[in-house]
Amino acid sequence: MFFLIFGTRASKRTVGSGMFFCPNEQSDQSYRQVAVKRMGHLFFIPLLPLGDLGEYVECESCGGTYRPEVLSLPSRQQLQTSFVEAVTRLVVEVILADGYVAEAERNVALGVVNQYLGSSGLSRAQLEKMIADAEAASPDDRSRNLSELLPELSTALSIEGRELLIRIALLLAAADGRIDESETKVIADAAYHLGLSKTRVRELVAGSTPQT
């Protein structure tokens, strides 16, 4: 008597790998992306693909599995890079807002930016070049670049992180002893793109205005 043994089973195949932000471990970890297919088998030998069952992402550290959409979350390193870029661009915009770059603003800008750049640092010469490059660009182009960066960053930052950006800008604006209306506008626009309410921005501005 001849028995025909036929059935189906899931077949897994790694289709990608790299680093991602693991929600379980709250840190950057290596991952593998796995595609799952249903395979028909004869005598336990896979012969025929019967359709896709989907994909998932597996953390190689904790073994947690997630939908592939998790890869759209920025890693800690990516978030740090974006935050530093946002701080740097916003600092330059505030410096240029009132049309006069005070020495106090330069000093505060270097201190603030270097707090987040860490060991790489930002020199006075590099800051001066960034200011010169920004002055050579049109205000509309500078505003557009900043408005494109901030909304993307805001999706990954907490409220505290977004407010920190605004506090940094206000600290710089007040470095020369007053916060100019043009500086307030730049900061208010940045706050809007970060998703902060007008009421909260007014509170932050009021709390940072130098006392006379």
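This is a predicted model: local features need pLDDT of at least 70, side-chain atom pairs count only at pLDDT 80 or more; totals for chains, interfaces and linings use all residues.

Me: Is Cys22 buried or exposed?

Reply: Cys22 is buried, with a relative accessibility of 0%. Cys62 is partly exposed, at 30%.

Me: Changing topic. How many aromatic pairs are there in the whole structure?

Reply: The search finds two. In one of them, the ring centres of Phe20 and Tyr31 are 5.5 Å apart and the planes make an angle of 65 degrees, so this pair is edge-to-face.

Me: Which parts does that pair tie together?

Reply: Phe20 is in strand S1 (residues 6-22) and Tyr31 in strand S2 (residues 27-42), so the pair ties together parts eleven residues apart in sequence. Phe20 is buried at 3% relative accessibility, and Tyr31 is buried at 11%.

Me: What about Phe20 and Tyr66?

Reply: Their rings form a tilted pair, with 6.2 Å from centre to centre and 55 degrees between the planes. This pair links distant parts of the chain, since Tyr66 lies in strand S4 (residues 65-66), 46 residues from Phe20 in S1. Through these ring pairs, Phe20, Tyr31 and Tyr66 are linked into a cluster.

Me: On to the inside. How many residues does the largest nonpolar core have?

Reply: It has 43 residues, and those with the most contacts inside it are Val87, Val91, Val94, Leu165 and Ile166. Helices that each supply at least two residues include H1 (76-97), H3 (124-136), H4 (139-154) and H6 (181-193). H1 gives the largest share, eleven residues.

Me: What does Val87 touch, leaving out residues up to four places away in sequence?

Reply: Val112, Val113, Leu165 and Ile168.

Me: Which residues does the second core include?

Reply: The second core is separate and has seven residues, among them Cys22, Tyr31, Val57 and Tyr66.

Me: Now helix H5. How many residues does it have, and what does it reach from first C-alpha to last?

Reply: H5 (residues 159-173) has 15 residues and reaches 21 Å, close to the 21 Å expected at 1.5 Å a residue. Its buried residues include Gly161, Arg162, Glu163, Leu165 and Leu172.

Me: Is Leu172 buried or exposed, and what does it touch?

Reply: Leu172 is buried, with a relative accessible area of 1%. Leaving out residues up to four places away in sequence, Leu172 touches Val91, Val94, Ile95, Glu105, Val108 and Ala109. Leu172 and Glu105 are 67 residues apart along the chain, while their C-alpha atoms are separated by 6.0 Å.

Me: Last one, Arg106. Which helix is it in?

Reply: Arg106 is in H2 (residues 103-117).

Me: And why does Arg106 count as buried?

Reply: Because its relative accessibility is 17%, and the cut-off for buried is under 20%. Not counting residues up to four places away in sequence, Arg106 touches Val101, Arg124, Leu127 and Glu128.

Methods:
Residues are numbered from 1 along each chain as its sequence is written. Side-chain values use heavy atoms; hydrogens and water are left out. Helices (H or I, at least four residues) and strands (E, at least two) are DSSP runs, numbered from the N terminus. Buried means under 20% relative accessible area, exposed over 50%, partly exposed in between (1.4 Å probe, protein chains only). Contact means heavy atoms within 4.5 Å. The expected span of a helix is 1.5 Å times one less than its number of residues. Rings of Phe, Tyr and Trp (its six-membered ring) pair if their centres lie within 6.5 Å; planes under 30 degrees apart count as stacked, over 60 as edge-to-face and the rest as tilted. A nonpolar core is a set of buried Ala, Val, Leu, Ile, Met, Phe, Trp, Tyr and Cys residues joined through side-chain atoms within 4.5 Å.
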